[in-house]
Amino acid sequence: MFNVIALILALAGAVEESSAPRTVSELGNGVWQIRFGTPEAFTPNVFRECEPRWEALDRLPKDALIPFDLNGITGDIRASRTVVSIPCDEPDSHIYGFGLDPGAFDQKGLRKWLSVCASVVGKTGASHGPVPFYVSTRGYGIYVDTARVPFVHVARLARKDAPAREPSADQAALSTSEKELYAACKAQGTRQVVFDIPGNTSGIDVYVFAGPTVREAVQRFNLFAGGGCMPPLWGLGLKYRTHSNAMEEEVLRLAKSFREMKIPCDMFGLEPGWQTHAYSCSLAWSGERFPHHQAMVDQLWGMNFRVNLWEHAYIHPTSPLFAPLKDHSGEYLVWEGLVVDFPDPAASKLFADYHENELINKGISAFKADECDRQFIDDTTPFNYPYFTKFPSGIDGDQMTQLYGYLYQRSILSAFKKKGLRTWGDVRATTALAAPLPFNLYSDAYEFDQYLRQLVNASFCGLLWSPEVREAGTREETLNRIGMSSLAPQMCLNIWFMPHPIWEQYNRAKNEKHDLLPKEEQQAMAGRIRDIANLRMSLLPYLYACFFRYREEGLPPVRALVLEFPNDPGVYFIDDQYMYGDALMAAPFLRAAHERSVYFPADCAWIDFRTNKKYPGGTKQTVQGDPGDVPLFVKENSLLPVATPVERVARDTIFDLTVCVYGDTPAPMALIEDDGETYNYERGQFNRVILAWEKGKIMVTREGNFPETRYRINAWKKIQGE
Ligand code: GAL
């Protein structure tokens, strides 16, 4: 538990006059809490899923320094807002974070509006997962624990009482060209990051996470949240979401065709049409479209498909949950539905119990929570309650909107946890400290470059992003999108608005008009999708091990290059390449491209996963390939276990593996062997299968208590690289 060394500091000379009284507590290794006044009752930390992993934090470097005095952090509680300022006198640093930002990567000099939001609003930082956390390349991270919507001035304000700085030569010789004038503006005000938090008038907790680099700062933040989530093994296979109006025969026909065509798939997602009423939700099966729904779910199970149901937490008057929740909901309705007062434990339990008894106990393995985000002001579809809405728990509508998706996840997860089952869901909004929650963020926005940037940005803040595929203008773009989705935390084809599967027609308008591709093209497309999904399946044991590392060490499976190579300035602006686990770097082709430039980080050489071509580190090169084949490079001196792809993951699936050895001195790696679906691993029921290769000598060591074998290691292959 919290090892609190509380130290009350009086307003010292170093602290600005306006700062509120504070308490500084060292909570654990490299984690400090600075409390100003009295924090609010509704924040992400108040609703955290689990305790921080202090013992794991203890394994990170000790005595890492923060490059400024913690007393320099100020909190000013004003009549309408709280203002938190953090020193940032770091002209040469880069700042990353603030959640699932679709627009910006290096955040220095920007103003962020950290609102949960259903649409992309430029570089403002409004997103499906805004997180008031950032890291600096000086090697630290800052988290401001709030469910308000902060404006953050990222090192762009200049206080008049700050000591004057020597004007730079450039500024002294200021001329009047537009470029020079604007350059001078940028050079000013780089001393602080300022969080302006309207609506907070009582106080706030600020957390500081030490490095020594951005990598450890992110690890500490995620471990403070409770460590990364552990998906069920089946969750890492392909998820296919069917047409909104699909009826049960159609779902079964499609499921069978996946097996006949041997396209790997582990989960079927049903969209709104499974319910009697969807906007808002009855959460009850439609007898018209799914007259034998239980038999259908059982049949899907028989074919080894899990079922995921679309919903949102706005409860329609016809729902069995309506009456019980009536007194546990907000003042306003959404689409006639109740807005669940999740902070009230009774409301959260009613919601969870209903899911457990009516759906999970009957074979449903996951849910997708739609429309739990905030609609942007110009959005005319009315899915938000007003932000002044009152709830019986006392939370106000503004805070509730920021927390709705996060609290939904916690409620649903509690139902699965009670049954000892893991889940792997989708959610359209979340916030800080979400790392332990096994849900992937998704969006209706669909810009390719933003989808890729979100994959990279998610890695700074404990979020999982699913760059789903819905349709595309060309065959090449369809395949490139599927390729990128296959190298994400979750692979998802969300074909909710097309009546025919994507391999029959990727063009939305044509698909809707049943104008399908010629048969040979359909087959060729299905074949490519099979190949791409097979590549993912071959990396499944590797990916599962990466998730375990996320849980144990806070290091996310998909990560920005700067988290891997924090000392290589060549990666500081790269938001279109990422690490996929420890050994692989992915550089997706954008849109319909089959060529792109790739930066190879300086630390080591890189070997093309498909061609074995070797690229020296520290270089930038143009690479080509077939659309759908995401350029993938293996870091030299890695071991990469590659499995024979399976079509689906069952409880007793055993993977046949070839361990590929790249370089002469590869680092050992550990696969994780367990039942893949319960929480028994938390009680030690798992094995580490440690793979090592030393001068041609192969070593496989199994450590742990799991009595079964999940991995059969059949071959080792030394790959030289040409
Ligand atoms: C959207 C959601 C889509 C799909 C659709 C169904 O709001 O983002 O993924 O589920 O609703 O109506």
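These legends walk through several close-up views of a predicted model. Local features need pLDDT of at least 70 and side-chain atom pairs count only at pLDDT 80 or more, while totals for chains, interfaces and linings use all residues. Residues are numbered from 1 along each chain as its sequence is written, and side-chain values use heavy atoms, leaving out hydrogens and water.

**View 1. Helices H5 and H6 meet side by side.** Helices (H or I, at least four residues) and strands (E, at least two) are DSSP runs, numbered from the N terminus. The axes of H5 (residues 248–260) and H6 (residues 293–302) come within 10 Å and cross at roughly 5°; axes are lines fitted to C-alpha atoms, for helices over the stretch in contact, with angles from 0 to 180 degrees between N-to-C directions. The two helices are therefore roughly parallel, a label for angles under 35 degrees. Glu248, Val251, Leu252, Ala255 and Lys256 in H5 meet His293, Met296, Gln299 and Leu300 in H6, where contact means heavy atoms within 4.5 Å.

**View 2. Serine 459 sits in the loop between helices H10 (448–458) and H11 (475–486).** With a relative accessible area of 2%, serine 459 is buried (under 20% is buried, over 50% exposed, partly exposed in between; 1.4 Å probe, protein chains only). The side chain of serine 459 reaches the backbone oxygen of valine 456 at 2.6 Å and the backbone nitrogen of alanine 560 at 3.0 Å. Leaving aside neighbours within four places in sequence, the contacts of serine 459 include Val218, Pro556 and Leu563.

**View 3. Three strands form an open sheet in the order S32-S33-S34.** The pairing is antiparallel, and two strands pair if DSSP finds at least two bridges between them. S32 (669–673) and S34 (697–704) stand at the edges with a single partner strand each, so one side of each has no neighbour in the sheet. From one strand to the next, the twist averages 20°. Eight bridges join S33 (residues 687–694) to S34, and asparagine 687 stands opposite glycine 704 in S34. Helix H14 (residues 540–553) lies across S32 and S33, at about 95° to S32.

**View 4. Two loops hold cis peptide bonds.** One runs from glycine 211 to proline 212, with omega near 20°. The other joins tyrosine 279 and serine 280, with omega about 5°.

**View 5. Leucine 433 and histidine 514 have positive phi values.** Phi is near 65° for leucine 433, which is buried at 1% relative accessibility. Histidine 514 has a phi of about 60° and is exposed, with a relative accessible area of 52%.

Technical notes: Angles under 35 degrees count as roughly parallel, over 145 as roughly antiparallel, 65 to 115 as roughly perpendicular and the rest as oblique. A polar contact is a pair of N or O atoms within 3.5 Å; within protein, one must be able to donate a hydrogen and the other to accept it, and residues adjacent in sequence count only if both atoms are side-chain atoms.
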